[in-house]
Amino acid sequence: MKRVTIRVPATTANLGPGFDAFGCALSLYTDVTFEETEWGLEITGCPEEFSGPDNLAYVSYCAVLASMNEDIKGLKIHIDAHIPICRGLGSSAALLVAGAMGANVLRGNKLSIQGLLNITNAMEGHPDNLAPAFLGGLTASMVDNGLPVCVNFPLHPDWEFLALIPDFTLSTEKARAALPTEYSRADAVYNIAHGALVLKALEKGDEKLLRNAMQDRIHQNYRRKLIPDYDQIEALVRTCGAAFCLSGAGPTLLCITQDEKLDEKLAKKLDSVTEHNWQMLPLHVEFQGARVIASE
């Protein structure tokens, strides 16, 4: 029987004003192994409640085979996940991407990356995490006539990313429910302008411009109320000169800087301003998207 292991990077979405549009792949990974068997389904490496047919890797795997009109045989899935669940780092997107790519590889790579994006976006609902997970690097995405359109943007090599990951979760559903259904024209214009400048700042390596451009009026001001310690951490990060934003829907907070010692500076002060435990995880941009790391 055939077997393949897919590695998918973590992703951070939105990047401040780029709500549901910007995304970036980061150097944290989930590896998923798929092995075809004669019958049945066996999923290991994850909590028991996720080991059934509603596991996102399996759902995505089946969706790709259905699009090819291929029979679904038995399957063993093993998940080695280092992307924390429900923390705003693309854990769900990683499973969807792994399942789609695993099915495609095992059945002869009949679909393009765009084809896999189309299928997974129909399940995820928006491509801001899927695009960097498939393509790597910095991406911007939109949906046109129901299909995702995704492009890469240049990124200055000196940026360092520091993820602040708390000891509590925040579901995407709850984070989305906190948002209003309508926005003013002023807020829409504000985010369009700031989003364009975020992309230029990331390309040029302009720290001052990035700090200013990373402001947002669409989602962060509403979601910050759901995240204990948000205000204190934001103030602390800004005193250190780094750009600051939510990672996806949160609760992970993201610092973007060219200061390789930012984690040391924050470590000295973080515990004194927070009530929860926050893990500091230095990350780099992952310029390579999902890929095969082993096959038989």
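Predicted model: local features only at pLDDT ≥ 70, side-chain atom pairs only at ≥ 80, totals over all residues.

User: What does the side chain of Arg224 meet in a salt bridge?
Analyst: Glu234, with an N to O distance of 2.5 Å. Arg224 lies in the loop between α8 (220-223) and α9 (230-239), and Glu234 is in helix α9, so the pair ties together parts that are 10 residues apart in sequence.

User: And Glu234, buried or exposed?
Analyst: Glu234 is buried, at a relative accessible area of 13%.

User: How many salt bridges does the structure hold?
Analyst: There are 13. One of them joins the side chains of Glu296 and Arg3, at 2.6 Å from N to O. Glu296 sits in the segment after β11 (291-295) and Arg3 in strand β1 (residues 3-13), so this pair ties together parts that are 293 residues apart in sequence.

User: How accessible are Glu296 and Arg3?
Analyst: Glu296 counts as exposed, with 65% relative accessibility. Arg3 has 30% and counts as partly exposed.

User: Which residue does Arg107 pair with?
Analyst: Arg107 and Glu36 form a salt bridge through their side chains, 2.8 Å from N to O. Arg107 is in the loop between α2 (91-106) and α3 (113-124), while Glu36 is in strand β2 (residues 22-37), so the pair ties together parts that are 71 residues apart in sequence.

User: Are those two buried or exposed?
Analyst: Both Arg107 and Glu36 are buried.

User: Which residues are linked with them in a network of salt bridges?
Analyst: The network links Glu36 and Arg107 with Glu70 and Lys110.

User: OK, helices now. At what angle do α2 and α3 pack?
Analyst: The angle is about 140°, and the axes are 10 Å apart. That makes α2 oblique to α3, since the roughly antiparallel class takes angles over 145 degrees. The crossing of α2 and α3 is right-handed.

User: Which residues make that contact?
Analyst: On the α2 side they are Ala93, Leu96, Ala100, Met101 and Asn104. From α3 come Ile113, Leu116, Thr120, Met123 and Glu124. Sorted by class, the contact of α2 with α3 has 7 nonpolar, 2 polar and 1 charged residues.

User: How do α1 and α2 cross?
Analyst: Helix α1 (residues 56-68) and α2 cross at roughly 40°, and their axes come within 7 Å. They are therefore oblique to each other. The crossing of α1 and α2 is right-handed.

User: What meets what in α1 and α2?
Analyst: From α1, the residues are Leu56, Ala57, Ser60, Tyr61, Val64, Leu65 and Met68. They meet Ser92, Leu95, Leu96, Gly99, Ala100, Gly102, Ala103, Asn104 and Leu106 in α2. The contact of α1 with α2 divides into 11 nonpolar, 5 polar and no charged residues.

User: And α1 with α3, at what angle do they cross?
Analyst: Roughly 130°, with the axes coming within 10 Å. That pair is therefore oblique, and the crossing of α1 and α3 is right-handed. Val59, Ser60, Ala63, Val64 and Ser67 of α1 make the contact with Leu116, Ile119, Thr120 and Met123 of α3. By class, the contact of α1 with α3 has 6 nonpolar, 3 polar and no charged residues.

User: Last one. Where is Phe153 found, and what does it touch?
Analyst: Phe153 is in strand β6 (residues 147-153). Not counting residues up to four places away in sequence, Phe153 touches Leu138, Ala140 and Leu199. Phe153 is partly exposed, at a relative accessible area of 32%.

User: How far apart are Phe153 and Cys24?
Analyst: They are 9.8 Å apart in space, C-alpha to C-alpha, and 129 residues apart in sequence.

Definitions and conventions:
Residues numbered from 1 in each chain as written. Heavy atoms only, no water. Salt bridge = Lys/Arg side-chain N within 4 Å of Asp/Glu carboxyl O. Helix = DSSP H or I, 4+ residues; strand = E, 2+ residues; numbered from the N terminus. Buried < 20%, exposed > 50% of the residue type's maximum accessible area, 1.4 Å probe, protein only. Axes fitted to C-alpha atoms, helices over the stretch in contact; angles between N-to-C directions. Parallel < 35°, antiparallel > 145°, perpendicular 65-115°, else oblique. Left-handed = near helix turned anticlockwise from the far one by under 90°. Contact = heavy atoms within 4.5 Å. Nonpolar A, V, L, I, M, F, W, Y, C, P; charged D, E, K, R; others polar.
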